[in-house]
Amino acid sequence: MKKKLLALVLVLTLVISALAACGGGGDADGGGADGDAATTLVVAMEGAGLETFDPGNVYETYASPVMNLCYDNLFNFVGDDPNVQPILVESYQFSEDAKTLTCVLKPDLKFASGNPLTSADVAFSINRCKNLKGNPSFITDTIESIETPDERTVVFHLTEPDSAFISKLTYKSMAILDSEAAKEQGATDAADAAETDTARNYLDNTSLGSGPFVLEKYTPNEEIVLVRNENYWGEPSDFERVVFKLQSDANTQMMTLTQGDVDIALNLTDDTVAQLDGAENVAVVNKPSMTVCFVMFNMDPEIGGPMANKDVQQAVRLCLDYQGIQQIVGEGTVTPYSFLQDGFMGSKGTRDVSYTDIEAAKQKLADAGYPDGFDVELTVCDLSFTGTALTDVAQKVKDDLAKIGINVTIVQQPWAAGFGDAYRAGEVPFTVMYWNIDYFDPNVQLEFLPGKLVGLRAKWTEDMDPEIAALIKDCMAETDDAKRAEILGKLQDMTYENGPFIFVAQGPCHYGYNTRLTGVTFSAPHVIDLTQVKLAE
Amino acid sequence: MLRAAKKLFKSNYLFTLGVIICVAWILAAVCAPLITQYDPIIQDLAHRLEAPSAAHWFGTDDFGRDIFSRVIYGGRYSLLAGLVTVVLAGVIGTFYGAIAGYVGGRIDNIMMRFSEMILSFPTLVLAMIINAVMGSNLFNTLFALVIVAWPKYARLMRSVVLSVKENDYVTASIALGASQMRVLMKEIIPNSINSVLIMATTDIGNQILMFSTLSFLGLGSAPPTPEWGMMVSDGVNYFNRFWISGFPGLAIFTMAVGANFIGDGLRDLLDPKLRKEF
């Protein structure tokens with residue numbers, strides 16, 4: 001009898017818990033599609049461990065599309081346009097010496113709270129980002145002080161000429177906070193903000209911006225819910241709600257997209273995109289991202305050995321099979337012309353894949369004094385870029401170099417166990433690496449030139465190419481974008497067949513979206529600019 | 001012994017199967033160039049990611065390399081890893097354990113505590129650390145496997161030696177004036193070696209698996225070496241193309257199972273306590 005009773009209790013428990021699980025599941029589903037499903041935009045994206053949506057602290061890549069909806073910046077990049085546009089700013093003026101920027105705000109701007117957006121909010125937000133000394137504070141490094149002569153005028157005084165400054169103002173941590181509301185939550189822009197500011201917890205779960213949406217709820221590793229800002233100063237969005245499903249698995253994203261459960265999937269892979277071929281109501285975007293993979297030689301003959309020889313470098317440049325590398329990295333990959341990725345203001349676009357010329361490469365190698373080739377080690381670390389392992393690119397390089405007699409042995413070294421330090425110290429003779437941009441301005445790529453951050457990792461010093469070094473300074477000081485593009489063009493031509501870097505691939509990103517939407521494009525600074533996504537007519 | 005072996009083949013089908021599998025793999029690895037028509041290293045991007053067909057029996061990988069060729073050539077590395085690791089670890093462990101057990105006392109204590117220290121690490125993690133610090137290539141991977149594997153042989157050997165050294169023939173040998181070295185080499189080790197041999201044969205399969213695991217994690221030989229574990233990990237990004245991971249995975253499976261069958265059979269043959277009546 002006792003046994004039977006026990007069995008009965010166990011069965012009942014099972015049944016009840018099963019029912020509860022079903023009920024719970026139903027609730028959760030209902031929660032996502034609250035209101036009218038047609039006016040809810042559901043985006044699936046990677047987002048494990050997104051830490052914060054506080055503009056003063058925000059740094060992670062996948063926080064960008066959320067910040068872009070909740071906050072406005074003085075300037076911004078819209079859609080996939082590589083040229084910066086004024087957003088909150090009506091007019092602006094750079095001083096002759098490129099050290100002072102004066103901006104006049106548009107009239108009648110207001111926050112979601114209804115408070116007016118004034119120059120004081122701008123100064124508060126940017127000073128707070130600087131003084132919090134958090135991850136994104138580097139972006140304010142060139143700001144000396146901010147002046148607000150009247151409610152609509154902001155004057156930035158810079159420590160040095162910085163032609164990238166307007167681009168920097170588009171960065172997500174330069175978003176404009178509602179200073180009045182933020183101060184109520186303990187925010188401060190004082191010099192000791194790093195210790196005294198207490199608003200972060202609040203701003204992690206709520207937004208105090210002027211963007212078309214307001215952050216309503218953030219459940220880590222699960223979802224981010226935004227609702228429309230009814231006080232928005234611009235044209236209101238087609239959507240009442242935007243829900244970000246934090247789900248990084250490409251296969252899951254692909255399935256939920258085809259089933260219509262999500263509208264946009266941001267982390268598809270080459271393989272999953274291929275499976276979407278012919279799926280109903282689904283379109284894909286395969287676009288080159290700003291993540292670039294490059295082959296690097298060390299210019300110091302003591303370290304680089306034969307790879308330090310300019311003729312050998314040119315031979316390698318001529319013999320690489322760029323089209324093959326594009327195939328391996330995946331649909332949407334392009335080979336940049338030089339150090340400036342395709343898609344940047346001033347970029348000369350792509351290198352033609354017909355550049356490859358094995359005979360000319362053999363000749364160059366003979367000129368360098370190695371008619372029969374040589375043996376060399378290619379050190380590569382365990383990292384991946386846009387889903388392709390660096391060792392895969394290294395294998396392709398090995399295969400290509402074998403065609404001109406250079407016998408490559410691949411040596412694997414984990415990033416954390418020595419490679420990272422050696423790479424930063426400029427001690428790696430020959431490698432394949434990748435680079436991701438911090439903010440969206442062509443000046444970030446100047447780091448690949450002699451005497452700059454990455455250039456020095458290849459032991460490429462200013463005295464090796466003084467002409468390039470001089471142009472870098474001109475480029476930093478040139479605030480007129482047309483003239484800056486001209487300088488950038490010259491720099492790209494000078495490095496097209498010169499220097500210790502060969503830029504082999506701009507890794508692709510693969511987005512999938514429901515065809516009820518329009519305006520889904522890749523955005524380098526925001527991952528995706530959802531303000532431009534609308535319902536198709 | 002020979003008769004026992006014959007009987008073993010007849011009565012123990014699994015052992016026979018194991019021998020067939022392993023002999024087939026060894027033959028395939030040795031005669032790889034004769035069996036395969038493609039080079040396992042050279043890339044052919046025009047034929048990448050092709051499904052199994054008459055031209056490419058096991059399909060091609062993301063570089064257009066023939067997976068059948070790579071699997072056949074890959075047998076060399078796995079066999080090598082299994083055998084080299086077991087032989088080296090077995091030899092080191094045998095002498096270490098024999099000395100510790102025979103000498104006894106404080107030296108025994110110190111030696112065994114040291115081996116236990118190594119045993120107390122999770123094996124895979126220890127092998128990964130060694131590999132990560134020294135850089136990953138074939139030699140270092142084998143080195144890591146040996147470092148991880150030898151203590152268990154040492155422990156086994158010591159425990160057997162402790163009982164063997166009490167035998168009368170050992171005492172007699174010492175009484176006749178034989179040197180310590182002679183006693184150890186001529187009396188102790190030959191009479192204790194059986195259990196180590198049994199352990200070694202069953203261990204080959206484990207070592208092959210361990211080697212593949214390390215390669216899968218990117219800590220084995222450098223690409224483009226056709227190594228099975230690494231080939232399995234190559235296919236991880238291509239979920240709907242089963243052949244990239246599937247065939248090398250099957251190869252690891254058959255090789256490990258074959259080696260284990262042989263190990264089990266040999267145990268039946270060599271271990272008098274477990275030997276069945278044939």
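Biologist: How far apart are the centres of domain 1 and domain 2 of chain A, taken over C-alpha atoms?
Modeller: This is a predicted model in which local features need pLDDT of at least 70 and side-chain atom pairs count only at pLDDT 80 or more, while totals for chains, interfaces and linings use all residues. Residues are numbered from 1 along each chain as its sequence is written, chains are lettered from A and ligands numbered from 1 in the order in which they are written, and side-chain values use heavy atoms, with hydrogens and water left out. Chain A is divided into domain 1 (40-281 + 515-535) and domain 2 (289-508), with bounds that come from an automatic or database domain assignment. Taken over C-alpha atoms, the separation of the centres of these two domains of chain A is 32 Å.

Biologist: Which residue of chain A forms a salt bridge with B:Arg241?
Modeller: A salt bridge requires a side-chain nitrogen of Lys or Arg within 4 Å of a carboxyl oxygen of Asp or Glu, and the rule finds one across the interface of chain A and chain B. With the closest N and O atoms 2.5 Å apart, the partner of B:Arg241 is A:Asp271.

Biologist: Which helix gives the largest share of the side of chain A that touches chain B?
Modeller: Counting contact as heavy atoms within 4.5 Å, 18 residues of chain A meet 22 residues of chain B. Helices (H or I, at least four residues) and strands (E, at least two) are DSSP runs, numbered from the N terminus. The largest share of that side of chain A, six residues, comes from helix 14.

Biologist: In what order do the four strands of the open sheet in chain A lie?
Modeller: Two strands pair if DSSP finds at least two bridges between them, and five bridges join strand 5 (residues 100-105) to strand 7 (residues 153-158) of chain A. The pairing in this open sheet of chain A is antiparallel, and the strand order is 4-5-7-6.
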